[in-house]
Amino acid sequence: MSDPMAEIRASFFIECEELLESLQDGLISMENGDTDSETINVVFRAVHSIKGGAGAFGLDDLVKFAHRFETAMDEVRAGRFTPDSDAIRLFFCCADLLGDLVRAARDDITIPHNTTAPVLNELDRLVGCEDDVEEELDFTPAILSLDMGDTQGLPDITGLPPLSDAPILETDVSVTAPLPSAPKGFSIHFKPETSLYASGNEPLYLLRALRDLGDLVVTCNTQRVPTLNTLDPDDGYLSWHLKVLTEEPIEVVREVFEFVDGLCALDITPLSASSYDPIFSDSTDQVDLQTTLIDVSEPPVAPPQIEAPVENAAQEAVQPEPPQKDDIPPTETPEITQDTQKKQPSAPAKTTSTPTQPRATVRVDLERVDRLVNLVGELVINQAMLSQSVAEAGLPPNSPVSTGLEEFLQLTRDIQESVMMIRAQPIKSLFQRMGRIVRESSASVGKQVRLHTLGENTEVDKTVIERLADPLTHMIRNAVDHGLESPEKREAAGKTCEGSVTMTAQHRSGRILIEISDDGAGINRARVREKAIEKNLITEEMQLSDSDIDSLLFMPGFSTASEISNLSGRGVGMDVVKSSIQSLGGRITISSVEGKGTTFSISLPLTLAVLDGMVVRVGGETLVVPLNAILETLTLTDDDLKALGPETHVVQIRGGFVPLLDLGAELGYRSPQDSYVGRTVLLIGQEDGNRAALAVDAIEDQRQVVIKGLEGSYGRVPGIAAATILGDGQIALILDPTDLVSQATGKTKKRNAPVPIAG
Amino acid sequence: MSLEVLAVDDSRTMRDMLNLALSSAGFTTHLADDGVHGLEVLEGIEPDVIITDINMPRMDGFGFMNAVRSEERWSRIPILVLTTESADELKSKARAAGATGWIVKPFDPAKLVKALQMVAG
């Protein structure tokens, strides 16, 4: 992206996302009863800034919509309209649409007008600013031209006589060339008031702007200038009679005086042949033209800033006049001209711009970060290989190579963490998108729902956030559609009409925990069970615990809604949600209390790139078990083991019993063993509190491994999360212990097909 | 003639655009993202002209102009107001706060440069 405008455009859309976020925040505050003017201002500013930028890029649809929205917000800001909850709901809707329009503009898509029209009409009806439609037409965005090199239309600065030179009387103004016929141009009387100077305006520059229009004849009237002792530096004493010869219409001349309109007495009349008098017969104070032109740069009217050279010159200009000679106005001398010119190059000749950037942030293409993440992954593998080689070489642990390697390991880890932090971002953006889902889905099923969010600043890997959007959307829709009752039922149950959906995010023991809960009726387990039997998912005799029944919701092909509403029933079930969470290395569990509501908990790894794992050997294979799943490791004794059947053992751990799983047998590497005494087991803890003991042959190592997804090339394998490359170059599978345990111990247990052997 | 310009706007896009337009015209550009920041930046520079947005967090354009005008050393610096509306009410309010002129957004870079030269040479 070498085109600066393309870059600004791209950055504009990024800024829009930020503005949309503060817009949402502001609206949420307003919804919660915040009437603080700054809150409303934030909302207004967000819309205003989007409109401003959109105008610059000629994004008409966006400008038009933002303008109407802004007008409405301005009514609120001015206190002419106090929004009720309906109005705020509409504002949310506008904010959503504004976001759509921003993205449509970004992706060069056109959103049909009939999408925005109803909302705009509603807005006009509510806030009452229909009459604004006409004004909107006046807002014609000017597309910013890239062609800054082309100075067409700009005053030709280089063509002007260098002002630092000595007076150039004859070249500056063509006074001596009387025009044969009626000249085109204007006669201007210009008498600034004191306020003109106070506003930072400068007559000199106005005269220069006039000179850019054509030949200019300047006569300065200095009659009002008093003697020094009575001169008020803040007052304006000079006035000018100007004649400009130009083909331009009067509007262009007026434009020059646009900023000083009302700050001066101004009279512009077209020149007639008779009035054109190059000799200034009407001038009482005839002065050298060039000198006058320059002298006005800092006339005696110059207010404060006495220390500047300009003012020195101005003072000198007055000084030659003895103060006692009251009636003699100051006259101009060549020296003054020279002096005043010194101030002209006021700007230092710096050619490059050195912008003072407010905050030190860098915007980086995500692809670049991803590449860095991948490279760091390779670095981790490389470091592991190196460690292994060093260990195999039999170097003592205190050798310089070993200690150096130790530092290298630490550094690798630090680099990896830092790189992951670059990609981490608050989950807030995702939560805000869910706000819209709640609003839209609740409206379509006629329920009143409020979304509460907690922990929205929890940082999550950006790629995880992106891939969470779909499953979360579905879960939110489910919560609104199935989880929450209708307002009537809620009232009957003694609840508030307005249902509530809460999303929380938090870091917990190296993972991210996201919970979505509603305060609805909870899972109707009898109904779920009935349905599952109907669908042949379970048999009638099966004894299922509550949580077993709840887990049925995740079974493929399950849907409890007897009528398919327009919200759910889109072909996506909770089983799809579960598998998308699993593909992120996450797990999803459900808990429900009848009459109180349902909570879905999603536990995710912090990153998709690396994990801390325990390297174990089972049946001649090397496997990696994620460290955060392991509660403890122990060696079994005879006393720990209890047999419940020929193939079923449990392990007694501190008074409790935990099912024993032979990893080798579960994965089909070999048949179950007769005795497990003396074997090493890994105690696995699950989100739902269930535990299991995994029997392995040996623990080899504990290390960080780089996750290499299998699904892209192989498909999903039950019990296996991914693969990795070990230090010796060998490929090892990474276990998904929870999946493995639930596969093995589940009531709907099926023997897995043997896992393909890696290598 | 190269000018030194301070541009104050809370919109990053607008700052980027101002920076592009001003730098392309050979001007030295300083940027600030609101009135408070603008005053901070102003401490270290001597701009020939200031461009400011009106709607900004912390300190808006009016507050900023008042603050600039109340300092004697800055009282003569021309200030152009960036505005999306050219309503007379806004103009007189801006002028009362010390504005020298105004630029209507979205601005045409050539006109921006012309306006700057009009007020600052």
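H3(A) passes H5(A) in a left-handed crossing. The axes of these two helices lie 10 Å apart, and the packing angle is about 20°. H3(A) is therefore roughly parallel to H5(A), since angles under 35 degrees count as roughly parallel. On the H3(A) side, the contact is made by Phe65(A), Arg68(A), Ala72(A) and Glu75(A). H5(A) contributes Thr116(A), Leu120(A), Leu123(A) and Val127(A). The model is predicted, and every value here is computed from it.

Helix H4 of chain A covers residues 85–106. At 1.5 Å a residue, its 22 residues should span 32 Å. The C-alpha atoms at its ends are 31 Å apart, which agrees with that expectation. Its buried residues include two phenylalanines, Phe91(A) and Phe92(A). Cys94(A), Ala95(A), Leu98(A) and Gly99(A) are buried too, as are Leu101(A), Val102(A) and Ala105(A). These buried residues pack against helices H1 (4–31), H2 (37–56) and H3 (60–77) of chain A. They also pack against H5 (113–127) and H16 (428–445) of chain A.

Just after H4(A) comes Asp108(A), with a positive phi of about 60°. Asp108(A) sits in the loop between H4 and H5 of chain A. Most residues other than glycine have a negative phi. Asp108(A) is exposed, because 6 other C-beta atoms lie within 10 Å and a count of 12 or fewer qualifies as exposed.

H16(A), one of the partners of H4(A), also packs with helix H17 (residues 462–483) of chain A. The axes of H16(A) and H17(A) come within 9 Å and cross at roughly 30°. The two helices are therefore roughly parallel to each other. H16(A) passes H17(A) in a right-handed crossing. Among the H16(A) residues that meet H17(A) are Leu430(A), Met434(A), Ile437(A), Val438(A) and Val445(A). Arg433(A), Ser441(A) and Ser442(A) of H16(A) also take part. From H17(A), the residues involved include Ile465(A), Leu468(A), Leu472(A), Ile476(A) and Val480(A). Arg477(A) and Asp481(A) of H17(A) belong to this contact as well.

Chain A as a whole has 23 helices and 22 strands. Of its 759 residues, 35% count as buried. Contacts between residues at least 6 apart in sequence were examined for chain A, and 70% of them join residues at least 24 apart.

The average pLDDT is 75, and 76% of the residues score at least 70. Among its elements, helix H7 (residues 169–172) has the lowest mean pLDDT, at 37. Strand S13 (residues 621–626) has the highest, at 91. Over residues 276–358 of chain A, pLDDT stays under 50. The model has 152 contacts beyond four places in sequence for that stretch. Residues 747–759 of chain A also stay under 50, with 21 such contacts.

Chain B has 5 helices and 5 strands. From the N terminus on, its elements run β-α-β-α-β-α-β-α-β-α. Of the 121 residues of chain B, 67% count as buried. Contacts with a separation of 6 or more were considered here too, and residues 24 or more positions apart account for 58% of them.

Chain B also holds a residue with a positive phi. Arg58(B) is not a glycine, yet its phi is about 65°. Arg58(B) lies in the loop between strand S3 (49–53) and helix H3 (61–70) of chain B. Arg58(B) is partly exposed, with 14 other C-beta atoms within 10 Å.

Notes:
Residues numbered from 1 in each chain as written. Chains lettered and ligands numbered in written order. Predicted model: local features only at pLDDT ≥ 70, side-chain atom pairs only at ≥ 80, totals over all residues. Helix = DSSP H or I, 4+ residues; strand = E, 2+ residues; numbered from the N terminus. Expected span 1.5 Å × (residues − 1). Buried ≥ 20, exposed ≤ 12 C-beta atoms within 10 Å, placed from the backbone. Contact = placed C-beta atoms within 7 Å. pLDDT = per-residue confidence, 0-100. Axes fitted to C-alpha atoms, helices over the stretch in contact; angles between N-to-C directions. Parallel < 35°, antiparallel > 145°, perpendicular 65-115°, else oblique. Left-handed = near helix turned anticlockwise from the far one by under 90°.
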